[in-house]
Amino acid sequence: MRLSNTLTRGLDELPAPPGPIRIYSCGPTVYQRIHVGNAVPFVLAMWLRRWLVSRGYDVTLVINITDVNDKIYEAAPGASAELARNATEWYLEDTGGLGLGRPDVEPRATETIPEQLAMVEQLIATGHAYEVEGDVYFSVASYPDYGRLSGQRPEMVEEQEPNPRKQDPRDFALWKANKPGEDTWWDSPWGRGRPGWHIECSAMSEKYLGPVFEIHGGGLDLVFPHHENELAQSRSLGHEFAKLWMHNGLLRLGTAEMHKSLGNVVTLQNALATWGRQTLLVFYMTGHWRKPLEFTDETLGAAAARAERFRDVFRSRSEPAPEDAWERFAAALDDDFNTPDALAVLHEWHDHELLRRALDVFGLASLAELPEAPADVVALAEERLRARAERRFEDADRLRAEIEAAGWEVRDSDDGFQLVPLS
């Protein structure tokens, strides 16, 4: 299998099964409900794990939760810890509604403070960081490879608000001194404070996956500065860190990228309530993970129609797929995890067993589970069948209308009838 790698700017081959394949994907900063765009890296990571496991790989997936951060302090001054706890539960509830299971490990930044402190101390000891008035900064000048991941030239980095404590405007915070109104803090060799965002992920990923692992995932908006800074601080300590970097394209609401800070969001909770998990997962399949994806009523309606087409296959008789059917599906996913091409292959199949097996990779095996009509609706359909046999067509039409009023469509077949829920 090969995947696009932001670091090498090419397609990199994964090791042969069983690997291992260790994956770290940046999860949410928890200060409000996540939106459907935030869910993309979660869905991609969960799908990739399911596919790799089905191919015989030994996979460990870690998706973190950032529960101490400037955004949380700003959202709930003096009560950030409570907000972080509540928003973490919202995140677990909403992503749980996708029906994809959970990662192997979901560490919280506040649970790995000792590991973060140890990394900061090592960076100071090796000359890659310095302390000023309780803050600790990473020295970008000490790491000549800075900018390799993002292509960002270090000399072009500009601060919106210049910080006189820094030796160099490009430097970034590893540890921040406690400020008035910040209700969470930890003791450190430099005084009370809390970690910077970037050191959290380096510490969490290395704690659970080791100093070198195969894949690091996250949204395209994290390439710079977050992932660039993770890479710099970990490699400054002599750790290879992540070998392959997967950055998914961002979801667009109309023509604008979806961002909580801009207010142009559709929460995952609302999307699940409006469209249902099956439609939402099919929607995510329609775009290649590296590309932007448009979230509109039209694209969601098209995804709902695709989901219904799969249900229709399971309502019909199973037909054997061509001998190379699975190989074509696997080839699409093994070539940079191309879900749109894989989806196109699936729409060619009428083989129930094979289709169910493939849909299960995406958490969609439930499309094969057809609901049973209530007994009173079945009785109306049976009465309609008798009316048709006795050529009482007006009665048959009346009964069809009653069945539809109850939310069901009756479809005639060679062996009687089939009842299908109205969408």
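Helix α4 comprises residues 113-125, 13 residues in total, and spans 18 Å from its first C-alpha to its last, close to the 18 Å expected at 1.5 Å a residue (helices being DSSP runs of H or I of at least four residues and strands runs of E of at least two, numbered from the N terminus; the expected span being 1.5 Å times one less than the number of residues). The model is predicted, with local features requiring pLDDT of at least 70 and side-chain atom pairs pLDDT 80 or more, whereas totals for chains, interfaces and linings use all residues. Residues are numbered from 1 along each chain, and side-chain values use heavy atoms, without hydrogens or water.

Ile113, Gln116, Leu117, Met119, Val120 and Leu123 are the buried residues of α4 (buried, under 20% relative accessible area; exposed, over 50%; 1.4 Å probe, protein chains only). Viewed down the helix axis, these buried residues fall within an arc of 160 degrees, so they line one face of α4 (the arc being that of the directions from the axis to the C-beta atoms). Their cover includes β5, β6, β7, β8, α5 and α6 (contact, heavy atoms within 4.5 Å). On the other side of α4, Pro114 and Ala125 are exposed.

Asp351 is located in the loop between α11 and α12. Asp351 is buried without a salt bridge, the nearest side chain of opposite charge, Arg356, being 7.5 Å away (salt bridge, a side-chain nitrogen of Lys or Arg within 4 Å of a carboxyl oxygen of Asp or Glu; Lys and Arg count as positive, Asp and Glu as negative, with His and the chain ends not counted). The Asp351 side chain reaches the backbone nitrogen of Ala321 at 3.3 Å and that of Leu354 at 3.1 Å.

Terms used:
A polar contact is a pair of N or O atoms within 3.5 Å; within protein, one must be able to donate a hydrogen and the other to accept it, and residues adjacent in sequence count only if both atoms are side-chain atoms.
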